[in-house]
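Please look through the sequence and the model before reading on.

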Amino acid sequence: MIRPEFRTILLDQRGAAVIIWSFFVIFIALYVFISRHLLANPDFGRGFSYAAAARGVFWLLTVVDIGYYVYWKRHLAPEAVLREAKTSKRLRALEGYKGADEERAAATVSTYITRKIVLFAIIEAIAVYGLILALVGRFLLDQYLLSALALVLLIVEFPSAKSFSAVLQKLESRGKAASL
């Protein structure tokens, strides 16, 4: 059984994930702002002979990152998180557990939050590719497309209370089934 005060600590980790998610969203807006203001100078971003080749490479990297996104998304399903939580390191905030149930909950929440942050970073890389393309070759349309894709994926991956509680409910139902 999970103590109410430890449950509060577990649920607070969602708040931390929301804060981290917010930073990733803000940085995408910052990338667009930077490129628009830097590219106001007509001499910046012109004359790079490798810009066209870089464009192809960064779009290829985007496809690879979407593949990574799909891979990590599968590993974020509640069943996968519960199955693989034993191998994960616990977040420092969750080290105050008491008993096997709370230890399992701490490991599960740590795994879930860590994997969410990995997804955020993969998505953010797509926006960074757009920034690089805008700065290197003035491919502003590419930056807008990649930034929009990253924003849509981040919105999809918002750490909602529903997705977070689904993991905890799955954990508790598994714990109740094991104790019977």
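In which helix is the place of Thr 111? Thr 111 lies in helix α4, where helices are DSSP runs of H or I with at least four residues and strands are runs of E with at least two, numbered from the N terminus.

## Basis of the description

This is a predicted model, in which local features need pLDDT of at least 70 and side-chain atom pairs count only at pLDDT 80 or more, while totals for chains, interfaces and linings use all residues. Residues are numbered from 1 along each chain as its sequence is written, and side-chain values use heavy atoms, with hydrogens and water left out.

## Overall form

The chain contains six helices and zero strands, and its pattern along the sequence reads α-α-α-α-α-α. Its C-alpha trace spans about 70 × 25 × 25 Å along the principal axes. The radius of gyration of the chain is 20 Å, whereas a compact globule of 180 residues would have one near 16 Å; this radius is taken over C-alpha atoms, and the globule rule is 2.2 Å times the number of residues to the power 0.38.

Of the 180 residues, 38% count as buried, a term that means under 20% relative accessible area, with exposed meaning over 50% and partly exposed in between (1.4 Å probe, protein chains only). Where contact means heavy atoms within 4.5 Å, 83% of the contacts between residues at least 6 apart in sequence join residues at least 24 apart.

## The nonpolar core

A nonpolar core is a set of buried Ala, Val, Leu, Ile, Met, Phe, Trp, Tyr and Cys residues joined through side-chain atoms within 4.5 Å. The largest one here has 41 residues, and those with the most contacts inside it are Leu 10, Val 109, Tyr 112 and Leu 154. At least two residues of this core come from each of α1 (4–38), α2 (51–74), α3 (78–84), α4 (100–137), α5 (140–156) and α6 (161–179), and α4 gives the most, with 16 residues.

Leaving out residues up to four places away in sequence, Tyr 112 touches Leu 76, Val 81, Ser 163, Phe 164 and Val 167.

## How the helices pack

The axes of α1 and α4 come within 10 Å and cross at roughly 5°, which means that α1 is roughly parallel to α4. Their contact has 23 nonpolar, two polar and three charged residues, with Ala, Val, Leu, Ile, Met, Phe, Trp, Tyr, Cys and Pro counted as nonpolar, Asp, Glu, Lys and Arg as charged, and the others, Gly among them, as polar.

The axes of α2 and α4 also come within 10 Å, but they cross at roughly 170°, so α2 is roughly antiparallel to α4. The contact of α2 with α4 has 19 nonpolar, two polar and four charged residues. Axes are lines fitted to C-alpha atoms, for helices over the stretch in contact, and angles run from 0 to 180 degrees between N-to-C directions; those under 35 degrees count as roughly parallel, over 145 as roughly antiparallel, 65 to 115 as roughly perpendicular and the rest as oblique.

Thr 111 is buried at 1% relative accessibility, and its C-alpha atom is separated by 8.8 Å from that of Lys 86, 25 residues apart along the chain. Thr 62, in helix α2, is buried with a relative accessible area of 2%; beyond four places in sequence, Thr 62 touches Ile 126, Tyr 129, Leu 146 and Leu 149.

Leu 168 belongs to helix α6 and is buried, with a relative accessible area of 4%. Apart from neighbours within four places in sequence, Leu 168 is in contact with Arg 7, Leu 10, Leu 11 and Val 109.
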